[in-house]
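Q: How should I read the main features of a structure like this one? Please take me through them in turn.

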Amino acid sequence: MVNSVTNLGRSGVFDWMVQRVTAYVLALYTLFLFGFILTTNVDYETWSGLFSQTWFRIFTLLALISIGAHAWVGLWTVSTDYIKAAAPRFLFQAACGLIMFVYFVWGIQILWGL
């Protein structure tokens with residue numbers, strides 16, 4: 001049996017579950033934001049008020065984590081399906097991981113003002 005060190009869960013079932021759970025989290029976050037925008041007169045004060053609430057910051061952090069995990073599983077799957085040579089696949093996966101990490105840290109800085 002061949003073990004891959006770059007997939008998220010070491011198991012296809014676990015990766016499948018990560019994709020499904022993170023998709024639900026991202027769908028709920030998107031629907032909430034669309035509902036908020038449609039039902040509220042959005043200006044700086046209301047937008048700032050929404051993002052100043054701790055529960056929404058945690059929800060946004062969960063969405064950031066979800067988008068990173070969802071993207072990693074998806075890009076890992078695509079890269080292992082279409083990039084057969086080990087070195088280019090590793091470089092692609094390393095670049096994707098680095099970009100996702102930078103976006104995650106940047107999102108935390110924006111969200112929590114660190």
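The dialogue below goes from the overall fold to single residues.

Q: What kind of model is this, and how are residues numbered?
A: This is a predicted model in which local features need pLDDT of at least 70 and side-chain atom pairs count only at pLDDT 80 or more, while totals for chains, interfaces and linings use all residues. Residues are numbered from 1 along each chain as its sequence is written, and side-chain values use heavy atoms, with hydrogens and water left out.

Q: How many helices and strands are there in the chain?
A: Helices (H or I, at least four residues) and strands (E, at least two) are DSSP runs, numbered from the N terminus. Here the chain has four helices and zero strands, giving the pattern α-α-α-α along the sequence. The radius of gyration is 17 Å, well over the 13 Å that the globule rule gives for 114 residues, so the chain is more spread out than a compact globule. That radius is taken over C-alpha atoms, and the globule rule is 2.2 Å times the number of residues to the power 0.38. Along the principal axes, the C-alpha atoms fill a box of roughly 55 × 30 × 20 Å.

Q: What percentage of the residues count as buried?
A: Buried means under 20% relative accessible area, exposed over 50%, and partly exposed in between (1.4 Å probe, protein chains only). Of the 114 residues, 23% count as buried. Accessible areas come from the Shrake-Rupley method with a 1.4 Å probe; for residues, only the protein chains shown count as cover. The chain has about 8,000 Å² of accessible surface, and 74% of this belongs to carbon and sulfur atoms.

Q: Which residues form the largest nonpolar core?
A: A nonpolar core is a set of buried Ala, Val, Leu, Ile, Met, Phe, Trp, Tyr and Cys residues joined through side-chain atoms within 4.5 Å. The largest one has eight residues: Leu26, Tyr29, Leu33, Phe36, Leu50, Phe56, Phe59 and Ala63.

Q: Is Tyr82 buried or exposed?
A: Tyr82, in helix 3, counts as exposed at 68% relative accessibility. Thr77 and Asp15 are 62 residues apart in sequence and 9.6 Å apart in space, C-alpha to C-alpha.

Q: Which residues form a nonpolar patch on the surface?
A: Patches are made of residues with over 30% relative accessible area and no salt bridge: like charges are joined within 9 Å, nonpolar side chains (Val, Leu, Ile, Met, Phe, Trp, Tyr) within 5 Å. A salt bridge is a side-chain nitrogen of Lys or Arg within 4 Å of a carboxyl oxygen of Asp or Glu. Here the patch is formed by Leu98, Ile99, Phe101, Val102, Tyr103, Val105, Trp106 and Ile110, with about 840 Å² of accessible area together. Tyr103 is found in helix 4 (residues 86-112).
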